[in-house]
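User: I would like to go through one structure a question at a time, with the cut-offs behind each term spelled out along the way.

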Amino acid sequence: MRGSGMLALHTRPRRLRTLSRLRDLVRETRLQRDDLVQPLFVCPGTGVRAEIAALPGQYRLSIDMAVEECRALADLGVPGVILFGIPARKDAVGSEAYAPDGIIARALQALSAARTGLLLIADVCLCEYTDHGHCGVLEAGSVANDPTVELLARAAVVYAQAGAHIVAPSDMMDGRVRAVREALDAAGRTDVAIMSYAAKYASAFYGPFREAAGSAPQFGDRRGYQMDPGNAREALREIRLDIAEGADIVMVKPALAYLDVLREARAAFDVPLAAYNVSGEYAMVRAAAAQGWIDGPRIRDEILLSIKRAGADIIITYFAKEMAAVLR
Ligand code: PBG
C-alpha cells in the first residue's frame, strides 16, 4: 500500500459528501416550516409590543398586536402559535386562567375573528395567574392535585369555546388529561385536541419564561409536581398514562437536555410527539451569539435539526418565526 497512496477501500462514505447536491439528496432529516410552533405572550392593553429582556426578539404583545404578529407568522408559513397569558391581576386560585373574559379567552376570540389561518394552541396552566406562582391551588402550603385539575378542565373548556383548536395542559397534575377530555366532550367540543406536556421536567431552563410571564414560584420550587431530571423510564410512564387518558399529542420538555427521552418516546409510542425548545435554550444561544462567541443562526439550525432527528414531529420554539423566514 505504501507508495501507491491508495487504500483498498470499497466503502468510502466521503463519496456522498463531495457535492452539495449530493449531500442534499442523501440527507435523512430536514426541518420544515410545518414542524414549527411559535410561543406568544399576550398581555393587557393596546399597542403593546414590549421586548422581553431575557428573550431578545420575543415580546409581550397586547391582543391587537398579537393579531398582527399572527398575520406575519401566517405569511411566513408558520403553522401555529401557542399562547401564554399575562393577566392584569393574579390571585390565589388563578381566576383569570378560566374567566370567560380572561386575557387568553379574549385573545383567542380576537385571533379567531381575524381568520389568520393559524392553528391556535392554548397553554393550560395556573402558574401565570396565581399570585404565589405555583401551577395549581395550594392546600397546607403545597399544590393540591384534584382541586387544581377541576380548574384546569374549566380553563380548557373556556379556551375551546373561545376558539382554541388545541389545548395544552402544562401543569403536571395527575389525571388532568382525562378531566380535560371529559370536560371538553361534555361541552360538545369533541373536535378540540389535547397536546399534553406529558414528560415535563423540573428544569432551570424555564428561567427566562418565568421572567416573561412573571410566574416564578414565590416560595419553593416545582419539584413536587414536575419530573426529576434523572428519570427517563418515568417519562415513558407519564406519556403512556396521558395517551390512555386521551392525549392526542404528547410532549417532552425541555428538548435539548432530554433528547434521549424524545428518542425513546418516539420508539415506544405512535402518537405525534412534540418537543419544547424552551426559553433557557433560546436565551443561551442568543446571549452567546450577541457576544460573538458562536454563530447564532448555524447553532439554531443545528439545535432544531437535532430535536427533529431525535424524533419530534412538532417543535415549539422561540426561533419559529426567524426559522420560517429562512426555510424554503
Ligand atoms: C407553564 C409553563 C412553563 C413553560 C411552559 N408552560 C413554565 C414553568 O413550568 O415554569 C416554560 C416554557 C419555556 O421555558 O419556554 N407551566
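User: How many nonpolar, polar and charged residues are in the shell around the ligand?

Analyst: This is a predicted model, in which local features need pLDDT of at least 70 and side-chain atom pairs count only at pLDDT 80 or more, while totals for chains, interfaces and linings use all residues. Residues are numbered from 1 along each chain as its sequence is written, and side-chain values use heavy atoms, with hydrogens and water left out. The ligand is surrounded by 20 residues, a residue being near if one of its heavy atoms lies within 4 Å. With Ala, Val, Leu, Ile, Met, Phe, Trp, Tyr, Cys and Pro counted as nonpolar, Asp, Glu, Lys and Arg as charged, and the others, Gly among them, as polar, the shell holds 11 nonpolar, 3 polar and 6 charged residues.

User: Which side chain has an N or O atom 2.7 Å from an oxygen atom of the ligand?

Analyst: Polar contacts here are pairs of N or O atoms within 3.5 Å. Gln-226 places a polar side-chain atom 3.0 Å from a ligand oxygen, and Lys-253 has one 3.4 Å from a ligand nitrogen. The distance of 2.7 Å to an oxygen of the ligand belongs to the side chain of Arg-210.

User: Where does the ligand sit, and which elements give two or more residues to the shell around the ligand?

Analyst: The ligand sits in the largest cavity, since more than half of its atoms lie within 2 Å of the grid points. On a 1 Å grid over the protein atoms alone, a cavity is a set of points where a 1.4 Å probe fits but cannot get out. Taking helices (H or I, at least four residues) and strands (E, at least two) as DSSP runs numbered from the N terminus, the elements that supply two or more shell residues are S9 and H7.

User: What is the volume of the largest cavity?

Analyst: The whole structure has 1 cavity of 30 Å³ or more, lined by 18 residues, with Phe-84, Lys-200, Tyr-206, Phe-209 and Lys-253 nearest its centre. That lining consists of 9 nonpolar, 3 polar and 6 charged residues. Taking volume as the space filled by probe spheres set on the grid points, joined across faces, edges and corners, the largest cavity comes to about 140 Å³.

User: Which residue is joined to Lys-253 by a cis peptide bond?

Analyst: The bond has an omega of about -5 degrees.

Key: On a 1 Å grid over the protein atoms alone, a cavity is a set of points where a 1.4 Å probe fits but cannot get out, and a pocket is an open set with protein on both sides within 12 Å along at least five of seven lines; lining residues have an atom within 4 Å of a point. A polar contact is a pair of N or O atoms within 3.5 Å; within protein, one must be able to donate a hydrogen and the other to accept it, and residues adjacent in sequence count only if both atoms are side-chain atoms.
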